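Please read it alongside the sequence and the coordinates shown here.

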Amino acid sequence: LHTSYSLDAFIGGNRNTPDDAYRFAQGEEMRVNGQPHRLKRPLDFAAVTDHAEFIGEMFSTQVEGAPGYDNPMLAELRGLSRVEEQRAWFMKYVVANNRSATPQHPSFYAGPETTRSAWAMNREVTNRHYKPGVFTTIHGFEWTAAPNGGNMHRNILFRDDRVPDAPFSNVD
């Protein structure tokens, strides 16, 4: 599942957190773009696999007081309401960068601590929702490269809770 910590999901209107995603997977109703959604049958397992690319930036976007939260570009992102504006912002700051020969963190990246903080939050939520024999959570993230427009999406899943301090992204 992607949550609001994946920039593409955020641009698409998803404001659900990793905690919300696991609750949804277990059968709780969630609202997506104002519409209620509920699974007919709860899942046995789930993994929140937000993109490693930009997860730190999305942490800064959403967590008030986080390094970078007051960055004008992230304030702009939070304020986008029209689909056309959202797509233009995404194309400018994400797609053009990711499809370049040398993708890099954008100027609004507040540093590796934001990536580690987002990942630590994800790990804590994943551990908290694990219910042995009832609902299995899997630690994971999505690694995505798009050299010259060729999307390479890879979900990295871990067999237990021994995971790195931060996800490894295409930019890194």
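What percentage of the 172 residues of the chain count as buried? The share is 42% of the 172 residues, where buried stands for a relative accessible area under 20%, exposed for over 50% and partly exposed for anything in between, computed with a 1.4 Å probe and protein chains only. The model is predicted, so that local features need a pLDDT of at least 70 and side-chain atom pairs count only at pLDDT 80 or more, while totals for chains, interfaces and linings use all residues. Residues are numbered from 1 along each chain as its sequence is written, and side-chain values use heavy atoms, with hydrogens and water left out.

## Overall architecture

Along the principal axes, the C-alpha atoms fill a box of roughly 45 × 35 × 35 Å. Of the contacts (heavy atoms within 4.5 Å) between residues at least 6 apart in sequence, 60% join residues at least 24 apart. The accessible surface of the chain comes to about 9200 Å², and 53% of that surface belongs to carbon and sulfur atoms; these areas come from the Shrake-Rupley method with a 1.4 Å probe, and for residues only the protein chains shown count as cover.

## A covered helix and its surroundings

Helix H3, spanning residues 55–62, is mostly covered, with 7 of its 8 residues buried. The buried residues in H3 are Ile 55, Gly 56, Glu 57, Met 58, Phe 59, Ser 60 and Thr 61. Their cover includes helix H1 (7–11), helix H4 (72–79) and helix H6 (112–129).

Phe 54 is placed in the loop between strand S3 (45–47) and H3. Phe 54 is buried at a relative accessible area of 3%, and has a positive phi of about 80° although it is not a glycine. Most residues other than glycine have a negative phi.

Phe 54 is also one of the contacts of Asn 98, which, leaving aside neighbours within four places in sequence, touches Pro 103, Ala 146 and Pro 147 as well. Asn 98 belongs to helix H5 (residues 83–98) and counts as buried at 12% relative accessibility.

## Charges and salt bridges

The chain carries 18 positive and 21 negative side chains, and the centres of the two sets lie 5 Å apart. Lys and Arg count as positive and Asp and Glu as negative, whereas His and the chain ends are not counted; the place of a charge is NZ of Lys, CZ of Arg, CG of Asp or CD of Glu.

The structure holds 8 salt bridges, each being a side-chain nitrogen of Lys or Arg within 4 Å of a carboxyl oxygen of Asp or Glu. The table gives some of them.

| Pair | N to O distance |
|---|---|
| Asp 19 and Arg 23 | 3.0 Å |
| Arg 23 and Glu 28 | 2.9 Å |
| Arg 162 and Asp 160 | 2.9 Å |

Asp 19 and Arg 23 are 4 residues apart in helix H2 (residues 18–25), and are therefore separated by about one helical turn. Asp 19 counts as buried at 19% relative accessibility, while Arg 23 is partly exposed at 25% and Glu 28 is partly exposed at 35%. A network of salt bridges links Asp 19, Asp 20, Arg 23, Glu 28, Glu 124 and Arg 128. In the pair listed last, Arg 162 is exposed, with a relative accessible area of 65%, and Asp 160 is partly exposed, with 25%.

## A residue in strand S4

Thr 136 lies in strand S4 (residues 136–138) and is partly exposed, with a relative accessible area of 33%. Not counting residues up to four places away in sequence, Thr 136 touches Asp 44, Phe 45, Ala 46 and Tyr 130. Thr 136 and Leu 43 are 93 residues apart in sequence, and their C-alpha atoms are 9.0 Å apart in space.

Definitions and conventions:
Helix = DSSP H or I, 4+ residues; strand = E, 2+ residues; numbered from the N terminus.
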